Amino acid sequence: MAALVVDASYITACPSSAQAFKTATLLKSLNVNALITGEVGVGKRSLAHYILPDAPIFDASNYDELLAALESIKSVIITNIENSPNIKKVLDALSAKNIRVVATAKSSYYNKDADKFFSVKFEIPPLRERPEDVDALIEKFIKEASLLFCSKDEFKVKSFKPDLSQNSNSLRRQVMINYLLQDIQEDEIMEIVQNYLVERLGSNNDYKKFLHLYEVPIIRAGLKRFRSQLQLADKLGLNRNTLRKKMADNINYLEKGIK
């Protein structure tokens, strides 16, 4: 099945995401209120905008702004309704003014007033349950990166483990960073580290405090390349005990980065 791109954060390459899109397509022609739930970055806002393309979008936390806007609109998209300080008052205003609404909320959200108000409720599964969508999104984000960085180079980083902690949000960031870093030069690396440090220096122990910024990457890279602490110690000009001490000192960072 060919993937349909709704926008950067919603692709229908797998059956579950395709079904959610079919539901959204049906809702375009129905004058009903709908609630879309799911984790951050799964495409809730994208589908809401697809259903009501001309409706203004408000975050539920912007309570006063939202209530003021309801005085003059016929439809609205409300995101993150779990953040509303008074969802009942908002829903009452929507009902009184007969305003059509598509709202989004986190997966675990439940409110008895919202449950009665929304005629249609459906959930978008997380990307970890949509492997076909992950592959399609990576391909899309690579194309975005090549345009953003004005590069025609092939994406060389093939083996990274997709970061799905925030679904498409974290995956897009990961692809962009990997694409940018694949041809980075020494002076650019040093400038990045300099910019990171310039606002963080100021204590009496800064050299030791930030030494891991050098040691951890070189240990990670060496272990990945040589697969042996003995060989790595030899290549770094260290004895094994010194290498082991450095690894022990940086164990928390190393455990995060070694795949």
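1. Two strands are taken to pair if DSSP finds at least two bridges between them, and strands themselves are DSSP runs (E, at least two residues) numbered from the N terminus, as are helices (H or I, at least four). Under this criterion, strand S3 (residues 34-37) is joined to S6 by four bridges, and the two run parallel. Ala34 has Val102 as its bridge partner in S6.

2. The model is predicted: local features need pLDDT of at least 70, side-chain atom pairs count only at pLDDT 80 or more, and totals for chains, interfaces and linings use all residues. Residues are numbered from 1 along each chain as its sequence is written, and side-chain values use heavy atoms, with hydrogens and water left out.

3. Strand S6 (residues 100-105) also pairs in the parallel sense with strand S5 (residues 75-79), over four bridges. Here Arg100 in S6 is the bridge partner of Ser75.

4. These strands belong to an open sheet of five strands with parallel pairing, in the order S4-S5-S6-S3-S7. Strand S4 (57-59) and strand S7 (120-123) are the edge strands, each pairing on one side only. On average, neighbouring strands of this sheet are turned by 20 degrees against each other, direction ignored; the axes are lines fitted to C-alpha atoms.

5. The structure holds zero disulfides (a disulfide being a pair of cysteine sulfur atoms within 2.5 Å). Cys14 is buried, with a relative accessible area of 1%, whereas Cys150 is exposed, at 72%.

6. The second largest pocket holds about 260 Å³ of space. Of the 16 residues that line this pocket, Val40, Gly41, Lys44, Arg45 and Asn80 are the closest to its centre. A pocket is an open set of points on a 1 Å grid over the protein atoms alone, where a 1.4 Å probe fits, with protein on both sides within 12 Å along at least five of seven lines; lining residues have an atom within 4 Å of a point. Volume is the space filled by probe spheres set on the points, which are joined across faces, edges and corners.

7. Helix H2 (residues 44-51) gives the most to the lining of the second largest pocket, with three residues. The lining divides into two nonpolar, nine polar and five charged residues, where Asp, Glu, Lys and Arg count as charged, Ala, Val, Leu, Ile, Met, Phe, Trp, Tyr, Cys and Pro as nonpolar, and the others, Gly among them, as polar.

Definitions and conventions:
Buried means under 20% relative accessible area, exposed over 50%, partly exposed in between (1.4 Å probe, protein chains only). Axes are lines fitted to C-alpha atoms, for helices over the stretch in contact, and angles run from 0 to 180 degrees between N-to-C directions.
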